[in-house]
Amino acid sequence: MPPPVLPLVSAAAAAPPWARGCRPAARWGGCRRVRARAAAGEAGPAPSRTQVIMDKISSGEEVGGAGGAYSYSALKRLDQIWSSICQEQVDSKVPVVVTRVQGPLVDNDRGAGSEIFDVLVCGGTLGIFVATALSSKGLRVGIIERNIIKGREQEWNISKKELMEIVEIGILSEAEVEQIISSDFNPNRCGFENKGEIWVENILHLGISIMNHWQKKILVLVWWPAKLVEIMKERFISSGGAIFEGHSLSSISVHDDLAVVKLSDGDSLTCRLVIDAMGNFSPIVRQIRSGRKPDGVCLVVGACARGFDRNTTSDIIFSSSSVKRAGSSGVQLFWEAFPAGSGPTDRTTYMFTYVDPKFGGPKLEELLEVFWTLMPVYQDVILENLDIRRVIFGIFPTYRDRHVTSLVGILIGPAIVFLIIDVLAQVGDASGIQSPVSFGGFGSLTRHLGRLSNGIYEAVEGDFLDTYSLRLLNPYMPNLSASWLFQRAMSVRPRVNVSPTFVNELLFANFQSMQKLGDSVLRPFLQDVIQFGPLVKTLGLVMVTRPQILPSIFKQVGLGVILEWSGHFMMLGYYTFLSTYIEPVLRSWVESLSPRDKYQWRRYLEAWRYGAGLDYRQGE
C-alpha cells in the first residue's frame, strides 16, 4: 500500500495561530493587509501561508540569475513562466533576436560609439567570471547587464577546491578566497527514507581534497556570492573592462566581420564575438529552441531562517519520504540543508524535485506550501519559532540534447554559432542533469572556466571565428549526455507502474555501492564528474546485489531512453581510451603545428579529456 499522501489544506486551516489570529503580527506580518481589506468590505481569498511570510520579508533589490529575486511578486512571475512552459508546444512566433546580415559591417551602422570590442558578454552575474578571465588576458571586453552586477544575498555551499580553480586562472587570490568563506561545518549526511544514513567525518588537514559533497576527508564551506562577484567586478574594471548596467539586449545583427548589439535604449555596441550568459530564459535561447518544451525541469524552493539550535551538520541530499502530493502532482522531494554564515543559528534549507513538463508539475508556491509543512518535521523545529530571513525559489530546465543546442551561454561570431558556456555550469544554476543532486552549477563553471577562457582567447587572437572553429569550443561530451538518465530516474512519471519507494531504493542502492567501492568511485561522481571506470563498477555492483530493481528501472526510465543512454555510455568508454592512450602520444606533436591546426587539435584533446571526466584529478 502506498504511504499516506500529505493533504494540502487551505492556508486558514493549516496555518498556526499566528497566521489565523494575526498574533504576533509584528513577527510575520501580512495580517494588517487582511484586516484592511475586511474593514473596507472587500471580499477575496485569504493569502497563502507563503504570501504571509514573504510579504513581511524585505525583498531587497533584484539581481541577475536564477534565485536573484526574493519577493512574492517575483515568485508569481516565475510561476507564470513555469505554467507557460508546461502548457505550450513549439512556438513558431518566438521573437527573433539574432539575425544574419550578409556582407561586412558598414561604418555608419556601428551606432554612436566607434569602439569595437573583442568580446561582449550579455548577462553579468556569472558572465563576470568569463569576462574577467578574458579581460585579464588583454582582450577588450564589455558586459551588458539589465540590472546591476551583484551577487545574491544568500550563502552557497561550495568546496574550497572549486574556488581554488579560479585562483589557478589568476583572477582571484588565496587571500580573497578566505575573505568570502563565511563558515565550515561537518559532518555531512545523505539518506533515503529510513533505509540508512551515510555520515562522513570531516578531517581538517592541509593538502586533502576539500569538497562540498558526501565524502571522507571533506570540508564543506559556505561562502558569500555577493562578495565574490564584487571582487570580480572590481578586478574586471581595473583590467580595462567596460560595464553597461541597466541595459537590456534588444537584438544582435551578425555581419561577416563584426556583430552589432542593439540595446533596449536604442544604443548600439560593436564587437567581434558575443557571449550570452543570460541564463535559461535568455531570449537567444528561446529563439534557438523555438519555444520547445524542456525534457525535464528541476524545481527548487527553500528558505534561510534563524532559530536552529542544533546547527553544526549538513545534509547534501536527504529524502524523508516517498512520493508526495504537491498541488495536483506527485513528486519525489529531496532536501539539502547547511548552516548559514550570517549567524550561529541561521540555516539554509532547500527542497527540490525533478519533473517532466510534458506531464505538468506543481507551482513553486504550491511547493512552498508543502515546504512550510514538511520542513519543521524534517529539521525538528517549530515553524513559529523561526525567523525567516529569505525565501528562495528557482526553475532549472534541462534538455536531452544539451550538448547540441541547450544554451545558457552561446558565442556568436561572424557566423551564428552556439556555444554552451554553462553546459558545464548552467550559469550557476545547473538544471539537474550534471549530477542527480545538483541544481547549483557554479562549481561546474569553475571547473571549465580555464578551458573556456583559454579557448575563447585563442579563437579571438588567432581570428579563428569561423563556424567550425567556434563549434570546437562546444564539443560533444558523453559524460554529460550520459548523466541525463539520472534525472529521468529521479522524477515521478504518471501512469508508470513502479513502487512509490522506487526512487529512494534506487538511490540508496547506488550510493551504498559507491561507498563500498571506495573514494576512487565515490569522489568523481560527487564532484559532478561521470567517469567510465567508476560508472561500470557501480552499475555492475548494483546489478549483482539488487537485480530485482532492474525491471522497475526499465519501467521508470523507458526502453528508448536506456538505448539512447547506452550509446553515450559506449562513447564515454571510447573517449576514456582516447584521452588515456592517444592524447599523451599526440600532445607534443600538436604543439608543433600551425596556429590554426594547433588551436583545433587542442580543442580535440580537451574534448576527449573533459568528455571522459578525466580532467578531474583524484589526488586533489
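Select Phe511 and Phe525 to begin: both are buried, where buried means under 20% relative accessible area, exposed over 50% and partly exposed in between (1.4 Å probe, protein chains only). The model is a predicted one, in which local features need pLDDT of at least 70 and side-chain atom pairs count only at pLDDT 80 or more, while totals for chains, interfaces and linings use all residues. Residues are numbered from 1 along each chain as its sequence is written, and side-chain values use heavy atoms, with hydrogens and water left out.

**Aromatic pairs**

Rings of Phe, Tyr and Trp (its six-membered ring) pair if their centres lie within 6.5 Å; planes under 30 degrees apart count as stacked, over 60 as edge-to-face and the rest as tilted. By this rule there are 20 aromatic pairs. Phe511 and Phe525 form an edge-to-face pair, with 6.1 Å centre to centre and 75° between the planes. Phe511 lies in helix 18 (residues 502-517) and Phe525 in helix 19 (residues 519-526), so the pair ties together parts that are 14 residues apart in sequence. Helices (H or I, at least four residues) and strands (E, at least two) are DSSP runs, numbered from the N terminus.

Next, select Phe318, Trp335, Phe371, Trp372 and Tyr378, which ring pairs link into a cluster. Within this selection, Phe371 and Trp372 are paired edge-to-face, 5.1 Å centre to centre and with 80° between the planes. Phe371 and Trp372 are buried.

**Charges over rings**

The charged end of Arg189 sits over the ring of Phe318, 3.9 Å from its centre. The rule requires NZ of Lys or CZ of Arg within 6 Å of the ring centre and within 35 degrees of the ring normal. Then go to Tyr610, where Arg451 lies over the face at 5.2 Å from the ring centre.

**Positive phi**

Most residues other than glycine have a negative phi. Select Asn194, a residue other than glycine with a positive phi, near 60°. Asn194 is in the loop between strand 6 (188-192) and strand 7 (197-200), and is exposed, with a relative accessible area of 81%. Asp463 also has a phi near 60°; its loop runs between helix 14 (442-461) and helix 15 (467-471). At 47% relative accessibility, Asp463 counts as partly exposed.

**Helix 8**

Select residues 160-169. The buried residues of helix 8 are Lys161, Glu162, Leu163, Glu165, Ile166 and Val167. Gly170 follows helix 8 and has a positive phi, near 100°.

**A surface patch**

Show the surface and select Phe554, Leu559 and Leu563, which make a nonpolar surface patch of about 320 Å². Patches are made of residues with over 30% relative accessible area and no salt bridge, with like charges joined within 9 Å and nonpolar side chains (Val, Leu, Ile, Met, Phe, Trp, Tyr) within 5 Å. A salt bridge is a side-chain nitrogen of Lys or Arg within 4 Å of a carboxyl oxygen of Asp or Glu. Phe554 is in helix 21 (residues 550-557) and is partly exposed, with a relative accessible area of 41%.

**The whole chain**

The protein chain has 23 helices and 20 strands, and buried residues make up 58% of its 620 residues. Its accessible surface comes to about 24400 Å², of which 54% belongs to carbon and sulfur atoms. Accessible areas come from the Shrake-Rupley method with a 1.4 Å probe; for residues, only the protein chains shown count as cover.
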